[in-house]
2 protein chains.
Amino acid sequence: MSVDLVDRLRLVRSPGIGPVTYRQLIARFGSASAALEAVPDLAARGGGKAPRLVNRGDAEREIARIEALGARYLVLGQGLYPRALAELDDAPPLLTVKGDVRLLDKPLVAIVGARNASAAACRFARQLGYDLGQQGAVVVSGLARGIDSAAHDGSLETGTIGVVAGGLDIFYPPENESRQKAMFERSLVIAEMPPGTEPRARHFPYRNRIIAGLTAGTVVVEAAPKSGSLITARLAAEAGREVMAVPGSPLDPRAQGCNQLIRQGATLVQNAHDVLEAVRPLQPRFASPHSPYDPGESQWMDGDAGALGIVEELLGPSPVPVDEIIRLSGVPSGAVQMALLELDLAGRLDRHAGGKVSIRPA
Amino acid sequence: MSVDLVDRLRLVRSPGIGPVTYRQLIARFGSASAALEAVPDLAARGGGKAPRLVNRGDAEREIARIEALGARYLVLGQGLYPRALAELDDAPPLLTVKGDVRLLDKPLVAIVGARNASAAACRFARQLGYDLGQQGAVVVSGLARGIDSAAHDGSLETGTIGVVAGGLDIFYPPENESRQKAMFERSLVIAEMPPGTEPRARHFPYRNRIIAGLTAGTVVVEAAPKSGSLITARLAAEAGREVMAVPGSPLDPRAQGCNQLIRQGATLVQNAHDVLEAVRPLQPRFASPHSPYDPGESQWMDGDAGALGIVEELLGPSPVPVDEIIRLSGVPSGAVQMALLELDLAGRLDRHAGGKVSIRPA
């Protein structure tokens with residue numbers, strides 16, 4: 001059992017340390033163990049109580065449980081961790097995976113859609129999954145009812161990747177048990193949450209960012225306005241991936257989400273050929289999954305009470321971009337980042353989409 | 001009976017004088033009567049037999065027939081002739097119209113589609129026509145079976161414009177007689193061909209250019225690949241108008257033409273709101289139908305045998321742009337245009353889309 005993995009797991013599983021905070025701690029301190037040691041002081045400087053860190057024993061017990069499941073971890077920035085996913089600012093620091101990890105090397109395309117989709121749309125998703133598999137692509141989806149399940153079923157023989165919202169060993173919805181077990185054997189299942197976690201509403205958007213982030217593009221098949229599938233599409237667009245949608249008649253209420261997406265600029269796709277044509281330009285970017293993602297050198301500077309005060313004054317309850325704080329503060333960006341990290345670990349900062357931050361109301 | 005109208009009609013109805021040739025003759029000679037006088041000489045210089053010009057009596061008889069029908073002429077560049085249509089290089093020199101010409105002042109939108117459209121698509125087209133009418137727009141279509149008829153029916157109460165391929169007094173298909181007569185009374189019908197003309201296959205693309213040219217945008221509802229509706233869409237795009245299409249499921253073969261259009265850049269529309277939003281930016285361009293279109297001053301030069309010889313040598317059986325002939329010839333553009341006009345009237349030139357010309361094989 002790698003000491004580094006235990007320490008990373010302790011950080012990741014500690015409440016109050018999200019993916020962005022984790023990444024900044026590793027970038028600043030170079031290792032998980034150094035970050036663990038630094039957290040109490042940083043939080044104190046930020047003016048709050050330190051997060052309760054997960055202890056070594058709990059982390060070791062989770063690792064043993066993952067091994068007992070026949071699963072393993074993928075670590076951000078190391079080994080097989082997918083390069084495309086590592087590009088996200090809030091990439092999951094650790095993934096648990098069970099199945100054939102070589103599938104991560106292939107061109108990955110997401111297919112998502114409504115749980116209560118029409119029979120015709122499910123048949124379409126299944127055929128699209130099959131055709132993409134025949135063309136050498138791997139379908140990524142969320143193992144939900146409806147479109148997700150159909151897309152997995154169509155591509156199971158050639159390989160498909162399911163990303164679950166809860167733990168790897170939880171079958172949700174329950175009727176998915178046989179499908180998920182088949183995918184353990186013949187494909188791949190990925191979870192960000194620890195084993196045993198029952199999925200809750202807040203977990204689904206996290207799961208969706210993984211589906212969007214793993215893939216060169218996301219195809220939406222039948223989605224209601226304001227549905228989770230449209231969130232996945234938005235996340236894909238924000239990550240610079242291709243967003244594709246299958247159109248339908250304006251007379252069909254279930255087509256409205258997809259038609260709206262196309263009006264907003266998504267590519268209309270009718271078949272696997274259209275999908276592969278759309279994602280081809282993005283493939284080379286993710287083509288070397290084995291060269292680990294390099295988060296780059298950050299110019300971190302040690303904490304400075306002056307900078308912290310300035311940053312605190314610039315923050316309010318409305319989210320503002322970190323870049324703006326840096327510009328307005330007149331303080332070197334490394335010192336601003338450190339001040340934000342201190343406030344974050346003190347439980348006084350909220351991080352939002354698009355690199356924005358706000359101060360948490362007292 | 002205006003002498004000028006008689007002379008224009010003599011030119012327009014003469015075989016071998018198409019809309020582009022007509023426009024150039026008027027631009028060069030200033031009036032139809034001067035052009036009529038010049039044609040024999042021009043043709044002789046071009047090395048061919050002059051077109052057989054329609055005689056005064058035949059023209060007067062057509063005018064009497066149009067008056068008896070309760071119809072009238074609109075003359076390119078004069079009075080109520082629609083400004084948007086006048087923008088086309090091959091705008092019809094004369095239109096015959098029966099009905100409420102004030103409809104031409106309103107925002108015009110084309111709705112076109114398959115003759116054998118599904119019942120659902122016809123219902124959709126009818127509703128779209130109705131809704132556009134309620135919003136103050138006028139629907140233009142081709143009085144064909146299927147989508148065209150449905151779009152007219154939906155907008156008849158608020159005003160709709162039918163463009164027929166044959167003469168104004170011909171009902172095609174025959175079951176359209178009552179619809180067309182209702183449009184004479186409560187809307188407007190337009191024909192480019194003389195009364196009594198039975199529509200033939202070659203007339204339909206001419207009719208389609210009028211539908212595309214009159215309107216700020218064309219909405220395609222259910223169209224087969226390679227159908228006339230897609231020709232109208234292409235003509236609209238070439239004229240710088242908005243192309244819109246109503247999507248459908250990839251599982252529905254009748255949706256393929258529209259889905260393909262959207263993939264090629266047409267705007268996906270689901271209702272009247274989407275349509276009006278798309279065409280709004282184009283409206284101001286056509287907003288003053290009463291200020292006649294000014295074709296601009298051309299620098300015409302009189303015929304010059306040297307220029308004619310050079311132009312003849314540069315022409316071949318494959319269409320080439322007139323601009324290229326001008327550039328390669330080293331001759332002033334006015335002299336090239338005159339040489340082309342002479343060859344044209346001599347029956348030795350073919351004019352093609354996009355301002356291209358070729359020499360007619362002997």
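Author: A salt bridge is a side-chain nitrogen of Lys or Arg within 4 Å of a carboxyl oxygen of Asp or Glu. The model discussed here is predicted.

Reader: What makes the meeting of Glu277(A) and Arg263(B) a salt bridge?

Author: The side chains of Glu277(A) and Arg263(B) come to 3.0 Å, N to O. The limit is 4 Å, so the pair counts as a salt bridge. Across the interface of chain B and chain A, the rule finds four salt bridges. Helix 11 (256-263) of chain B is one of the elements that each supply at least two residues of the side touching chain A. The largest share of that side, five residues, comes from helix 11 of chain B.

Reader: How many residues are in contact between chain B and chain A, and what area is buried between them?

Author: In chain B, 19 residues are in contact with 19 residues of chain A. The area buried between the two chains is about 1500 Å², and carbon and sulfur atoms give 60% of it. Pro250(B), Arg263(B) and Gln270(B) supply 41% of the area that chain B buries against chain A, more than any other three residues.

Reader: Why is Ser229(A) called buried?

Author: Buried means under 20% relative accessible area. Ser229(A) has 7%, so Ser229(A) is buried. Ser229(A) is in helix 10 (residues 228-238) of chain A. Leaving aside neighbours within four places in sequence, Ser229(A) is in contact with residues including Val112(A), Gly113(A) and Val220(A).

Reader: Is Glu222(A) buried or exposed, and why?

Author: Its relative accessibility is 9%, so Glu222(A) counts as buried. Glu222(A) lies in the loop between strand 7 (217-221) and helix 10 of chain A. Phi of Glu222(A) is near 50°, a positive value in a residue other than glycine.

Reader: Why is Lys226(B) called exposed?

Author: Exposed means over 50%. Lys226(B) has a relative accessible area of 83%, so Lys226(B) is exposed. Lys226(B) is in the loop between strand 7 (217-221) and helix 10 (228-238) of chain B, and phi there is near 65°.

Reader: Why does Leu314(A) count as partly exposed?

Author: Partly exposed is the range between those two limits, under 20% and over 50%. Leu314(A) is at 30%, so Leu314(A) counts as partly exposed. Leu314(A) is in helix 13 (residues 305-314) of chain A. With Ile310(A) and Leu328(A), Leu314(A) makes a nonpolar surface patch of about 230 Å².

Definitions and conventions: Residues are numbered from 1 along each chain as its sequence is written. Chains are lettered from A and ligands numbered from 1 in the order in which they are written. This is a predicted model: local features need pLDDT of at least 70, side-chain atom pairs count only at pLDDT 80 or more; totals for chains, interfaces and linings use all residues. Side-chain values use heavy atoms; hydrogens and water are left out. Patches are made of residues with over 30% relative accessible area and no salt bridge: like charges are joined within 9 Å, nonpolar side chains (Val, Leu, Ile, Met, Phe, Trp, Tyr) within 5 Å. Accessible areas come from the Shrake-Rupley method with a 1.4 Å probe; for residues, only the protein chains shown count as cover. Helices (H or I, at least four residues) and strands (E, at least two) are DSSP runs, numbered from the N terminus. Buried means under 20% relative accessible area, exposed over 50%, partly exposed in between (1.4 Å probe, protein chains only). Contact means heavy atoms within 4.5 Å. Buried area is the accessible area (1.4 Å probe) that two parts lose on being put together, summed over both.
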